Structure formats: C-alpha cells, structure tokens
Amino acid sequence: MSDVLLETRSLSKSFGALAASRDINFKLEAGARHALIGPNGAGKTTFINLLTGVFLPTQGQVLLKGRDITTMEQSARVKLGIARTFQINRLFRGLSVLENVYIAVAERLGAGNQMMKPAGMRKDIVDEAMRLLDMLKLSNDAGHRVSELPYGRQRLVELAIALGLKPDVLLLDEPAAGVPSAESHIILDAVAALPKHIGVLIIDHDMDLVFRFAQRITVLVGGAVFAEGTPKEIGADQRVRDVYLGQAHHG
Amino acid sequence: MTMPAQQVTPGLSGHPAALALINRHRVRAWEPLPWIIAIAFYFAFPNHLGFGTDLLVTILFALSLDLALGYAGIVTLGHAAFFGAGAYTVGMLAHHGIWTEPISGLFLAAGVAALIGFASGLILLRTTGLTLLMLTLCTMALLEEAANMGEKYTGGFDGLPNLPIPPLFGLFEFNPLYPRVQYVYVLCVLFVCFVFVRTLVYSPFGQSLTGIRENVLRMRAVGAPVNWRLVTCYTISAAIAGIAGGLWAQANAYVNLSTLGLDRAATVLIILVLGGYGRLYGAFIGAVVYMALSHFLAKVYPTAWQLGLGLLLMLIALFARNGVLGLWDQLTSRFIGKRGPT
Ligand SMILES: Nc1ncnc2c1ncn2[C@@H]1O[C@H](COP(=O)(O)OP(=O)(O)OP(=O)(O)O)[C@@H](O)[C@H]1O
Ligand SMILES: [Mg+2]
C-alpha cells in the first residue's frame, strides 16, 4: 500500500566462518515505526551496518526507494536520506555539543566545502542546530565539550546529529541504552515528534519501549529473521517468547 | 506567519554557545601582538634579521603542518617533502635561468608542492596511523633521493648555490649579508598565508576537518566525503609548505638537501607539538621557543644541547600534551574559569 523506502533482498554477511546476517528479506515503509529485536549477538547492529554501508554484504541487495545501493559509499547513502545513531557513542568528543550538531547540519546543506566564510556566519546552520538541541533539552549543554557530558546526555547528542541530517530513513541502534530512565522519555518524545513520513527502525532491548513504539517488529536470531509481525502477533508468538522474551523480559 | 518561529527561538541565537560560535572568527584583542613583535624585532635587532627571517619561514612551515596535523589529524612525518619541493622549484628555475622573479616564483613553488601533495595524498590518505606515518616518510625519502641523484638539475649533494634572485618589484635587493628586504618580504608573505589559514580553519570546511580528526567514522555517517576533504586539506597544506620552502631558497639564495630531510620534518613536528597543535598560534610559540632554546642551549652546552631539548620535549609530552599554549589555557582557566572548546 504505502511506499517502500528501504528494502533488503537475501542480505547476508559473513565474518569468516561466522554468518552474522543470513538471507534477510526486509522492508521499511514510509511512515513505518519498526523495531528490530533479538538476543545479544543476533546481528542487529551488523544489519544496520550493512544498510548504511559500513560493511559490504557477502550476498544480497539493499535498495533505497527502489534504487540499488548495495555497494554505494556511506556518505552517498547519507545524501540519499539514510541516517543512523550508533549503539556506542561515536561523537566528536573534543568539540562542543553545538559544533557536533553544526557539523551534521552543515554536511546536509552541503556547506562542508565552504572555505572562505566563517562557520559562525552561517546563521541558518547555527540556528537549526540550536533548535535541535533545544528540542532535545540539550541547549544548556550546547557550549560544553561532549567529553565533559555524562554518557546519557551524550546519547542525546548522538540523536541530535542524526536528526540534523533530516533523514527519510532513520536507524536507531539502542538509542536509550545508557540513558537514565528519568531521561529516556526525551528520546522517545523526540522520536514521536519526527515527521510522520519518515521510516524509523529502532533496535532496543527494552520491551516496554519496543511495544509502545513499534507498529511492526522483526525478531532476529542467529543472523536470520526468526519472526515478523505486529506487536500483538510477536507478543503472542510462543516461539519468540521461548527464545527471547522469556529471558529478556524480566529485568 | 513568522511570529511563532520568533517566539520559539528568542533565547536561542543569543545563547552563549551560539554566540561563541558566531563570534569565533572575530579578531581577538591580543591577536595583533605577534605581528607587532615581529615588526618591533626588525627595528630592535637589525643585526639578527637573518635569524628572524629563518624564524618566520619556520613559523609558516609549522603553520602548514598545523592545518594538516592539528586540524585534520593527518599524522605525517614527511612534511619537508613539500618544503623541499618548493625550495627546489625556486632554486632550479633560478639556477637554470628559467624563472627568477620572486613573487611569481612562490606561486610556482606552491603549485609544484600542491601537485605532489595532491598526487601522494590521493593514495596515502586512504591509510591512517603508523602506515600513513611510514608512507609520508617514504615519499619524502624518495624525493630526497631524487634530488640527490638528479645532480645535473638539482646540484646533487651540494645543492645549488648563488641563486640569482632579482630585486623585489625591481626595486628591493635581496642582500644575503644584511637581509632586511628578506625579513620584510617573508613577514608579508607569512601574514597573507596566515590570514588565509585562519579563514580556512574557522570556515565550515575547517570545522569539518576537526570533525574528521575527532571521529572519522561519525564523519562518514553524517555524509561527509572524508577522503576528498583530506586530500583537499593536504594539498593546501602542501602548497603553503611549498611557499615556505620557496621563501627559504629565495632568502638564502641557495637550496640544498637539508630542505628535504627528515631533520627538517622532525623539527617542524617538534615545534608544533611544543607550541600546541590545532590552535593556529601554536606554530608561532613553538617556533620561537624552539629556535630560542636551541640557540641558547647550543651556546651553553655546545656538545649536548640536543639532550636538553629532548628533555624538554619529554616534559611537554608528560605534563603538557597540548604544548605551551595548552599549558597557558590550563593556567588561565584556573583563574578565569572554564574555557570552552575551540
Ligand atoms: N566487524 C566484525 N568482525 C567480526 N565479527 C563481527 C564484527 N561485527 C560483528 N561481529 C559478530 O557478528 C555477530 C553479530 O554482532 P552484532 O553486533 O550485529 O550483534 P547485535 O545483535 O547488535 O548484538 P547486541 O545486542 O549485543 O548489540 C557477533 O557474533 C559479533 O561478534
Ligand atoms: Mg548491537
């Protein structure tokens, strides 16, 4: 019915003898709120790395808006509208929070090649970055060096950078991991406030969060799709309960 | 229509962090100081202008390295390759009577160095860390060997002495014994190059270089063409190093293998670490401290002065990772309060 933004066909990736992704067929539609769950080492992060071009697959295809991007460079994919956050913070630690977001917004607007104009004179970029920080309740930290922030706040910078890219497809790798529970609602609120048309794929171990957020859930086990369905279907699936929910739910 | 937007963001663009970024490139009150000192030096020490000229050339060379190493995080041990390329460009063109005019000579020096920087950068900058370090070193060694072997053109081991450098604008003679013209000329070129580098590092391009330095993976993930940026930066840095080398050849009226060697590459690295890299003025402070110290130590301990310099470097590495300027920041921040990142 709705447009497929991102699609994979028989996507596989091996690290030597280890098959980290096996024959994954996956679709993310425009406006989707999709969750990817699975036990540790199931290959969730690897899947995102394949989608974003950090790794090239051993087999299979990745399509964005119908276009084959399987071997495309990372930066080119970002230009086509894929953005992600990292499970473990990957930030410009020595720079200020504002500069971190500035860099992302500047790249999106193609300002990164601008040499003869001071960065501060691109008020449009500064303003947009500040607005994003404000939305994520980060504006009080805007001037602080990222490395000075507590880990949970750094997670928010991670999200701010991804949002600064205004993606059509947003891939969130455990965005709330390491965030104190008192602050995790900031992340959920921000995700809820995203434009409706973009497709969001979220990885998380917090089942409350997953079931609240997602319209569809894919369960990955041992690199392969184990089950896929609505939260209701997945919640009722005894096999899923056995391999995954049974162990992880209580915590 | 615009009312709501204005209401949402009244405090935001006036936020201290936003203002700091917006005003970052403004000239600070103390910034004319190095230039005033440089001009005062001309009048105060007319007999030491040779030393002064050498110092200014070294600052320019260190500044070029700062752009690559300090801002973009390109770890290189072979930056003298570009210094030498510039020096030999000026030297060979003059020696063989092809081109002698100084200012256009600098453009040629910059062009040749940039070309070598671009070509080698395309290949080398795919690597990082120790591999990159070794490859930059090898590139420089190759050039040095080429200069050594191509005796017919480069003068080989002896270099090219007595370069015929015509007067600047046909008016101001370069006198090797009393290098007043050289000093003023080099100072002017340094100033122009400095303004250029300063503009560059405060631009969005410069900001993206610091992003690459801080986290390459994240930089790719925000869609930056990382390799292309690095090659661009390396090429510009090489061009400026080439200008420094060209100036050296013009001011001394000769060129030899010392312009290309590991000695020069290591020294400029030491200077930058000493002064503090990634902070523009580190090149100035580092060059002054290094040249003054080696001058002084060589007089007091003619046989073991390098030992003293080595000890000082160890102290810097242990206690002041960000060089003299970093130390200064730490001290002032104790009294004035926290300083934001640059
Ligand atoms: N670069 C790599 N080289 C070799 N093996 C890798 C690499 N990246 C991941 N793996 C392996 O692939 C498997 C899947 O890892 P992945 O990080 O995708 O799991 P995950 O589902 O994200 O787990 P977690 O919930 O712990 O984050 C693991 O066995 C891991 O060790
Ligand atoms: Mg993971």
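The structure is a predicted model, in which local features need pLDDT of at least 70, side-chain atom pairs count only at pLDDT 80 or more, and totals for chains, interfaces and linings use all residues. Residues are numbered from 1 along each chain as its sequence is written, chains are lettered from A and ligands numbered from 1 in the order in which they are written, and side-chain values use heavy atoms, with hydrogens and water left out. Chain B and chain A bury about 3700 Å² between them, and a search of the whole structure finds 15 salt bridges over all chains.

**The interface between chain B and chain A**

- On the side of chain B, 39 residues are in contact with 46 residues of chain A, where contact means heavy atoms within 4.5 Å.
- Of the area of about 3700 Å² buried between the two chains, 65% is on carbon and sulfur atoms; buried area is the accessible area (1.4 Å probe) that two parts lose on being put together, summed over both.
- Between chain B and chain A there are three salt bridges, a salt bridge being a side-chain nitrogen of Lys or Arg within 4 Å of a carboxyl oxygen of Asp or Glu.
- Between chain B and chain A there are also 14 residue pairs in polar contact, both residues being at pLDDT 80 or more; a polar contact is a pair of N or O atoms within 3.5 Å, and within protein one must be able to donate a hydrogen and the other to accept it, while residues adjacent in sequence count only if both atoms are side-chain atoms.
- The elements of chain B that each supply at least two residues of the side touching chain A are helix H2 (16–22), helix H9 (180–201), helix H10 (204–214), helix H11 (216–221) and helix H12 (226–252); helices (H or I, at least four residues) and strands (E, at least two) are DSSP runs, numbered from the N terminus.
- H10(B) gives the largest share of that side of chain B, with eight residues.
- By class, the side of chain B that touches chain A has 18 nonpolar, 14 polar and seven charged residues, where Ala, Val, Leu, Ile, Met, Phe, Trp, Tyr, Cys and Pro count as nonpolar, Asp, Glu, Lys and Arg as charged, and the others, Gly among them, as polar.

- Glu158(A) forms a salt bridge with Arg218(B), with the closest N and O atoms 2.1 Å apart, and both Glu158(A) and Arg218(B) are buried; buried means under 20% relative accessible area, exposed over 50%, and partly exposed in between (1.4 Å probe, protein chains only).

- Arg153(A) forms a salt bridge with Asp141(A), the closest N and O atoms being 2.7 Å apart; because Arg153(A) lies in helix H5 (residues 151–164) and Asp141(A) in the loop between helix H4 (123–135) and H5 of chain A, the pair ties together parts that are twelve residues apart in sequence.
- Both Arg153(A) and Asp141(A) are buried.
- Glu183(A) also forms a salt bridge with Arg153(A), here with the closest N and O atoms 3.8 Å apart; Glu183(A) lies in helix H6 (residues 181–192) and Arg153(A) in helix H5 of chain A, so the pair ties together parts that are 30 residues apart in sequence.
- Glu183(A) is partly exposed, at a relative accessible area of 22%, whereas Arg153(A) is buried at 17%.
- Through shared partners, these salt bridges join Asp141(A), Arg153(A) and Glu183(A) into one network.

**The magnesium site**

- The magnesium ion (ligand 2) is coordinated by Thr45(A) through OG1 and Gln87(A) through OE1, at 1.9 to 2.1 Å; donors are N, O and S atoms within 2.8 Å of the metal (3.2 Å for Na, K and Ca), and water is not among the atoms, so sites may look incomplete.
- Thr45(A) lies in helix H1 (residues 44–52) and Gln87(A) in the loop between strand E6 (82–85) and helix H3 (97–108) of chain A, so the pair ties together parts that are 42 residues apart in sequence.
- Thr45(A) is partly exposed, with a relative accessible area of 25%, and Gln87(A) is partly exposed at 30%.

**Two residues with positive phi**

- Lys65(A), although not a glycine, has a positive phi of about 50 degrees, and its place is in the loop between strand E4 (59–64) and strand E5 (67–68) of chain A.
- Ala253(B), likewise not a glycine, has a positive phi of about 60 degrees, and is found in the loop between H12 and helix H13 (262–275) of chain B.
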